[in-house]
Amino acid sequence: MKFSNGCWVNAKDTAIFSPAQVYEHAVGADRIRLCCPTGRITSRGATLGGVVLTVEITSPAPGVLRLRSWHYAGGVERGPAFRLAEPLPGCLCAEEKDGKIIARSGDLAAEIDIETARIEFTRAGARVTALEEHGLSYVKTAWGGRDGLYYDPSPDDAYMRAQLELSVNERIYGLGERFGPFVRNGQRVDMWNEDGGTSTDISYKNIPFFLSSRGYGVFVNHPERVSFEIGSEYVSKAGFSVKGEALDFFLIDGPTPREVLTRYTALTGRPPLPPPWTFGLWLSTSFTTDYDEKTVSAFVDGMAERGIPLSVFHFDCFWMRAFRWCDFEFDPAMFPDPAGMLKRMKDRGLKICLWINPYVGQESPLFEEGMKAGYFLKRKDGSVWQWDMWQPGLAVVDFTNPDARAWYSQKLAHLIDLGADCFKTDFGERIPADAVYFDGSDPEKMHNYYTHLYNKTVHDVLMQKKGEAVLFARSATAGGQQFPVHWGGDCWSSYEAMEQTLRGGLSLTCSGFGFWSHDIGGFEQRSTPDIYKRWLAFGLLSSHSRLHGSTSVRVPWSYDEEAVDVARFFTRLKMRLMPYIYHAAWEAHASGLPVMRAMMLEFPGDRSCDYLANQYMFGESLLVAPVLNAESRAEYYLPAGRWTHLLTGEEREGGRWYAEPCGYMSIPLFVRPGSVIAVGARDDSPDYDYADGIAFFAYAREDRAFTGRAEVIGPDGSPACSIELTGGDGRCAIAYRGSKPCRVVLVHAGAAKAVEGAAAETPKDGLMLSFEMKEDDLALAFDGAGEANVTF
């Protein structure tokens, strides 16, 4: 929200009050408290009235500073509030020196100038950002015409604002899943969840956290609407404001973007490790298509007959009768024997996903039940809050009511007993800002936070019933990364939509979310066979992969036979890459690093990566660049080093852009120099013993030395086996830790003069799906744990 009209004039009827000095301060063991008048105190009389801001600085964890400021601190806190990690003791170190109060946490420090109340944030003594003049402010937006200079009884026009300085060439990322320009500079972004598709400036997932190219992050600890002005109100400032009398934000140090995300997710939560089966291919009925058990069986049979491994089958909205969403009952006309049908599908090894939302239409038999029990949001007059958007007369489940949560969970538990393994938790954005909640929560704050309670309720019942949980969620707020997976929402079926979708996903993963998916082929309308085949490659090199549409199905044979080949090829490729992918998933769980990473996250010093959002790193070591045009032209950038195409073995020098033809059975998929890629022995399922028949493919650094490490993670999150390569100057030492045999392939290593400790092999046909084993590759076999030395 803008409060100014240029550099010298405030917006009409707006008064801005900013600290002019630190009048007094108190330094404690775990906090610093400042009294900051907004006018200079030149006499005792100057203390009689006027706006004073109280500022408090604490540290909940090393490298993290929390700054809270109040005008009036006596407000009633109605909630909700983000659930954050408990503060660690002893993280703040404070001192007073040379007219400054210095608060340190790790390498991060806030240096408060007592004379001016300006705050400079530094890392190891070097400036990172600052709250300069008017950096922290209390704002009144209806000041004109009011009597009295210091007294204004109306809270409706009060705001708190902070403006952090932006440095030369500093870029800001994140703020949730946003589909516009990847770099936020120059944008106004409001945190307000809305259902608007993927081609506008509104978002299903608004996250009040941004990531700076200077290696710090900012988390604004307010679930309500937060208005960000990123170089838009003032070009050299990243501003954010909230309505009310208080502001609370965290400044999070890196110094790398990866380390910022690790610290941010330690504060707001990390995802559990999803079960391996979730990484396979999901197939949906699509939305408004006609389907019954016969149709569903034909889809499943068609995938099996064509050799396309299928892991999850999803029933979208019309598994229930029209006008009754949600009554949680299968439509008896279409599915007369749901228990038998689901059992037959599960006997084929499939997992089952069912669509749900948090609304109950008036025609649902659950409407009267919920209304009588008080399970729905209400209006101020005590009536049920209803409207006709989506389902006529729908009511919204009140998840602040423990009995309503138990009631909703009971309905889901019945479906789990019937055979459901997971739920697509759709919607949760159209939440009224004037409703009355059971627990008295502030409806403005609950608008964004509602989705957190909704997804948590569904996640919890799955955990209670099955011991594992996965969602396919559309809406989110900060902390929502604890309930994976999230997908990008309703996109169109064009190359432009495909690019927007990827951009939105990378924006979300820069905001602390570890797993992300999208509708392969697009949702609205129907993609051409060309777009569908390109989207297949992109979708099957995403953390989670789903075929889903709106008015038409997304089975590959409905496009052409080549689409079947492409679907089979990339699905089976993903299955072979599961040991590598599952380790990336474990990293998301353990450290908060996303599976799909923006290039700037892995290469923060490469200026060519700063704005790059149509390619990404899939885990730490694989670069993916989807083809986004009808001319079959691949365009991509490789950072410095010698990169190797995973599928062909062809090498490319980095530090430059490439444009080249690309067929449907390929995609720019390059291995980072010095990487080791763990590849499994099976291509028919994502859920298998990854250590059984494991192969490690090692790629040399620029100097042709083989160094690197790879670890294989089991379904329980524990290490199953690992490999480590060290060396240089024509030597390579290999240490394998594992109880089962493995192969190690040194790609393009050439002939070895000597091999000690392992048997050298000629690469065998079929060792890898779709990988061309070159004559200059050196393969070594280990019967079990051991060490080997290679001399070239």
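The mean pLDDT of the protein is 95, and 97% of its residues reach 70 or more. There is a stretch to be careful with: over residues 765-770 the pLDDT is below 50. In the model, that stretch still has 16 contacts beyond near neighbours in sequence. Where pLDDT is low, the predicted coordinates should not be read in detail.

Now the sheet. Five strands make up an open sheet, and their order is β41-β42-β43-β48-β45, with antiparallel pairing. Which strands are at the edges? They are β41, residues 708-713, and β45, residues 754-756, and each pairs on one side only. From one strand to the next, the twist averages 10 degrees. In general, strands of a sheet pair through backbone hydrogen bonds, either parallel or antiparallel. If you want a place to look, take β41 and β42, the latter being residues 719-728; 6 bridges join the two in the antiparallel sense. Gly-708, for instance, has Leu-725 in β42 as its bridge partner.

On to the cores. In soluble globular proteins, nonpolar side chains tend to be buried together. The largest nonpolar core here has 187 residues. Those with the most contacts inside it are Phe-315, Met-345, Phe-423, Phe-696 and Ile-734. Helix α6, residues 443-466, gives this core its largest share, which is 8 residues. What does Met-345 touch? Leaving out residues up to four places away in sequence, Met-345 touches Val-296, Val-300, Phe-313, Phe-315, Leu-350 and Ile-352. There is also a second, separate core of 49 residues, and its members include Val-51, Met-191, Val-218 and Val-242.

Last, the histidine. His-71 sits in the loop between β5, residues 64-70, and β6, residues 93-97. Is His-71 buried or exposed? Its relative accessibility is 13%, and buried means under 20%, so His-71 counts as buried. The side chain of His-71 makes a polar contact with the side chain of Glu-245 at 2.6 Å. It also makes a polar contact with the side chain of Tyr-138, at 3.2 Å. Both of those residues are among the ones His-71 touches, together with Val-51, Val-52, Leu-53 and Met-160, again not counting residues up to four places away in sequence.

Note on methods:
Residues are numbered from 1 along each chain as its sequence is written. This is a predicted model: local features need pLDDT of at least 70, side-chain atom pairs count only at pLDDT 80 or more; totals for chains, interfaces and linings use all residues. Side-chain values use heavy atoms; hydrogens and water are left out. pLDDT is the predictor's confidence in each residue, from 0 to 100. Contact means heavy atoms within 4.5 Å. Two strands pair if DSSP finds at least two bridges between them. Helices (H or I, at least four residues) and strands (E, at least two) are DSSP runs, numbered from the N terminus. Axes are lines fitted to C-alpha atoms, for helices over the stretch in contact, and angles run from 0 to 180 degrees between N-to-C directions. A nonpolar core is a set of buried Ala, Val, Leu, Ile, Met, Phe, Trp, Tyr and Cys residues joined through side-chain atoms within 4.5 Å. Buried means under 20% relative accessible area, exposed over 50%, partly exposed in between (1.4 Å probe, protein chains only). A polar contact is a pair of N or O atoms within 3.5 Å; within protein, one must be able to donate a hydrogen and the other to accept it, and residues adjacent in sequence count only if both atoms are side-chain atoms.
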